[in-house]
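My notes follow in the order I checked things.

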Amino acid sequence: MTSARANSNAARDIASVLHPYTDLLAHAETGPLVITRGEGVRVWDENGKPYIEAMAGLWCASLGFNNERLVEAAAAQMRKLPFYHAFAAKSHEPLITLAEMLLARAPVAMSKVFFANSGSEANDTAIKMIWYFNNALGRPQKKKIIGRVKGYHGITLASASLTGLPANHRSFDVPLPGFLHTITPHFYHGAAPGESERDFAARCAAELEALILAEGPETIAGMFAEPVMGAGGVIVPPEGYFPAIQAVLRKYDILLVADEVICGFGRTGNYWGSQTLGVTPDILTCAKALSASFLPISAVMVNARVFAALAEESHKIGTFGHGFTYSGHPVPAAVAIETLKIYDEIGIIDHVRAIAPAFQRALHGFADHPLVGETRGLGLLGGIELVADKGARQNYDPALKIGPRAAKLLEKHGVIGRAVPGDTLAFTPPLIISESEIAEMFAAVRGALDELLAELTREGLAPRL
């Protein structure tokens, strides 16, 4: 049992909290890392140790861990109208203003905005909208949804079914029927010998088309895609990927949903990952940096064609029978409005574009490290994949948990990162990070990887070069 003293935060946590994305049995032995405060790109644990938060929490704290303007926006709205809803044609000013601001910033022309509370809820909503859309068009058989192996779209029953990660499926009885998965666009592991990026992208599109034809195009309703795959390994698609994919989807009248939950609001060097990677979605989902994650809120934007069908069907039925008590809650909406204003005022896109080259240079500087198979990234989004054999591009046995070991060593060196599938260390720091903080962060990462290499060498697990 853990040595945490009685009545400590750690002991109280072990006794009472069921943690997401945690080995629940192991947690009873090891206990939590308890964070007590944050400032800028750093957080402090209960012992006073500071950490650079290299993941911006969960890819989300875009403006860091303190911002008085956002605090004041929440407080002012709490005093004025602490709650109201959007059911039955009710509305309020923060709801309206935020919808207008999102439509003005959309990467392609969009018609309306629906609000929810998380990325999972936004994607679940988009799935329901796609089904509703096809029923409205008299195509009740056109319902299957395509995700990608290693894609991540959330954890509700439907969005977890769309997600393409084994740990999100095992023992949860998902995927549900009607959810399909196509090839991961990961050139490092997926390309054939001598295959160029464009050739690999063309093959990804061909495999997608083969899946559609095997299932029947009349049964396929939509496809979801992150511009850059996040939790599946920080996978940047090969050159020409999205144009090739979208040509297939248009051919068979299949809606494309851009999941911008991680990539939206400047992370890739444009306001949207869709702009960076040439995605023209019919539906766009976003969350996380929408409010700099000071309060929970997410959004679904739909184009005119989708909205027209939803409107007609709702008129036939008498209501659009979907929504959440907190859809467009005025307090998170007010914080999101202030967040978007701050992005504009401080020039967050220009800042990311200015600082990203230093981030990417430091990231790719790990390519020659004995443990590193591939470094990959875009903007302020990066991944370092650890391998057992660099020449063969072979990962360690997952049972060895090399990625999680590396993440724990990062904490020892004063950086909070995250190991995602494939022993990849992910890095998505707050967008406000400075060049000196980037250098400090990656110096600590190097120290952690050097220490891990020494440990593995002593254990007879040194990587083959």
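I checked burial for glutamate 374 and arginine 376 first, and both are buried. Their side chains meet in a salt bridge, 2.6 Å from N to O. I am working from a predicted model.

Next I looked up the total: a search of the whole structure finds 21 salt bridges.

I then took the pair glutamate 345 and arginine 69. Their closest N and O atoms are 2.6 Å apart, in a salt bridge. Glutamate 345 sits in helix α13 (residues 330-346) and arginine 69 in helix α4 (residues 68-80), so this pair ties together parts 276 residues apart in sequence. I noted glutamate 345 as exposed, because its relative accessible area of 53% is over the 50% cut-off. Arginine 69 is partly exposed at 34%.

Glutamate 39 and arginine 37 also form a side-chain salt bridge, at 3.9 Å from N to O. Glutamate 39 is partly exposed, with 46% relative accessibility. Arginine 37 is partly exposed too, with 44%.

Salt bridges join Arg42, Glu437 and Glu440 into one network.

Now the sheet. Four strands make an open sheet with mixed pairing, in the order β1-β2-β3-β13. At the edges I find β1 (35-39) and β13 (415-416), each pairing on one side only. Strands β2 (residues 42-45) and β3 (residues 50-53) pair antiparallel over three bridges. I traced arginine 42 to its bridge partner in β3, isoleucine 52. Helix α16 (residues 435-458) packs on this sheet and touches β2, β3 and β13. The direction of α16 makes about 105° with that of β3.

Technical notes:
Residues are numbered from 1 along each chain as its sequence is written. This is a predicted model: local features need pLDDT of at least 70, side-chain atom pairs count only at pLDDT 80 or more; totals for chains, interfaces and linings use all residues. Side-chain values use heavy atoms; hydrogens and water are left out. Two strands pair if DSSP finds at least two bridges between them. Helices (H or I, at least four residues) and strands (E, at least two) are DSSP runs, numbered from the N terminus. Contact means heavy atoms within 4.5 Å. Axes are lines fitted to C-alpha atoms, for helices over the stretch in contact, and angles run from 0 to 180 degrees between N-to-C directions. A salt bridge is a side-chain nitrogen of Lys or Arg within 4 Å of a carboxyl oxygen of Asp or Glu. Buried means under 20% relative accessible area, exposed over 50%, partly exposed in between (1.4 Å probe, protein chains only).
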